[in-house]
Amino acid sequence: MMYAIHDIKNGVSKGDFLALSKTITHIENQQAGASDFLKNLPTPKVPVIGITGPPGAGKSTLIAAVIGALVQEGKTIAVLSVDPSSVLHNGALLGDRIRMRDWYLHPAVFIRSLATRGHLGGLTHCIDEVVQLLRSAGFDFIILETVGVGQSEVQVAKIAYPTILVLVPEAGDEIQMMKSGLFEVANIYVVNKVDRPEAQKFVNHLKQSLSERSMNQDKPNLVQTIANTGFGVDDLLNTIKAYE
Ligand SMILES: Nc1nc2c(ncn2[C@@H]2O[C@H](COP(=O)(O)OP(=O)(O)OP(=O)(O)O)[C@@H](O)[C@H]2O)c(=O)[nH]1
Ligand SMILES: [Mg+2]
């Protein structure tokens with residue numbers, strides 16, 4: 001049974017996400033009626049912020065901090081996490097249960113992980129549809145988190161604007177990122193963990209690489225953060241809002 005979008009919106013406005021959750025599961029499982037339901041959805045313009053980067057870069061910590069700032073402004077936020085390699089527990093990524101704990105029960109914040117069952121083929125299709133549902137459900141912001149540097153992240157960059165690439169001052173990751181297609185398509189580059197030694201060297205190197213990026217592209221932004229202390233989060237939020 002599919003819910004009506006009206007009932008989903010009504011729930012979301014009260015911080016009750018049950019109908020929304022169940023509908024996402026219907027979409028994931030491609031259950032009967034899901035595609036008709038999606039076809040008839042309105043598609044209001046809602047910012048979809050993509051956040052990606054290597055495992056452990058601080059994406060979840062950064063998202064938790066950005067959520068905090070947006071909730072302060074009275075906004076509602078949906079976070080969709082896509083991580084083909086992680087183990088799901090009741091729709092939540094295990095590692096995130098601690099970091100995002102503050103927000104799991106907050107009525108203005110909906111957090112959901114997409115189970116991809118190991119095959120990437122149908123992944124972006126499903127993301128597209130779930131994002132469309134979240135747009136229609138009445139959220140002010142949608143945050144799309146993906147892990148890694150693969151083709152799926154480049155696909156996500158097509159759905160999200162702006163796309164944020166979170167990097168850390170580690171030489172190995174740097175080289176990995178420069179080679180990936182994602183390095184070409186991100187709009188905002190966050191260097192997180194700038195509390196680490198050698199961070200400025202990394203920032204300078206990145207600035208150099210970005211200035212060499214092709215001239216006809218939008219000028220990318222570079223933001224420095226320490227996600228677990230909140231340093232740079234206001235700067236990041238202002239940079240994100242400039243893309244609206
Ligand atoms: N020193 C330092 N540690 C940080 C910073 N940001 C995050 N961390 C720590 O880095 C670890 C990984 O952070 P997460 O937010 O889980 O990173 P993630 O990118 O979401 O990781 P995955 O979801 O596993 O890919 C945690 O132990 C954080 O506390 C930072 O700016 N400086
Ligand atoms: Mg994470």
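Select Arg-112 in strand β5 and then Leu-80, its bridge partner. This is a predicted model, in which local features need pLDDT of at least 70, side-chain atom pairs count only at pLDDT 80 or more, and totals for chains, interfaces and linings use all residues. Residues are numbered from 1 along each chain as its sequence is written, while chains are lettered from A and ligands numbered from 1 in the order in which they are written.

Next, show strand β2 (residues 77-82) beside β5: the two run parallel and are joined by 6 bridges. Strands pair if DSSP finds at least two bridges between them; strands (E, at least two residues) and helices (H or I, at least four) are DSSP runs, numbered from the N terminus.

Now colour residues 109-114, the whole of β5. Because 5 of its 6 residues are buried, this strand is largely enclosed by the rest of the structure. Buried means 20 or more other C-beta atoms within 10 Å of a residue's own, with C-beta atoms placed from the backbone.

Return to Leu-80. Along with Ile-49, Ile-142 and Val-190, Leu-80 has the most contacts inside the largest nonpolar core, which has 58 residues. Such a core is a set of buried Ala, Val, Leu, Ile, Met, Phe, Trp, Tyr and Cys residues joined through C-beta atoms within 7 Å.

Finally, select ligand 1. Which residues are closest? Gly-58, Lys-59, Ser-60, Thr-61 and Ala-227, out of 16 that surround ligand 1 (C-beta atom, placed from the backbone, within 6 Å). Helix α4 (residues 59-72) supplies the largest share of this shell, 3 residues.

Notes. A residue is buried if 20 or more other C-beta atoms lie within 10 Å of its own, exposed if 12 or fewer, and partly exposed in between; C-beta atoms are placed from the backbone.
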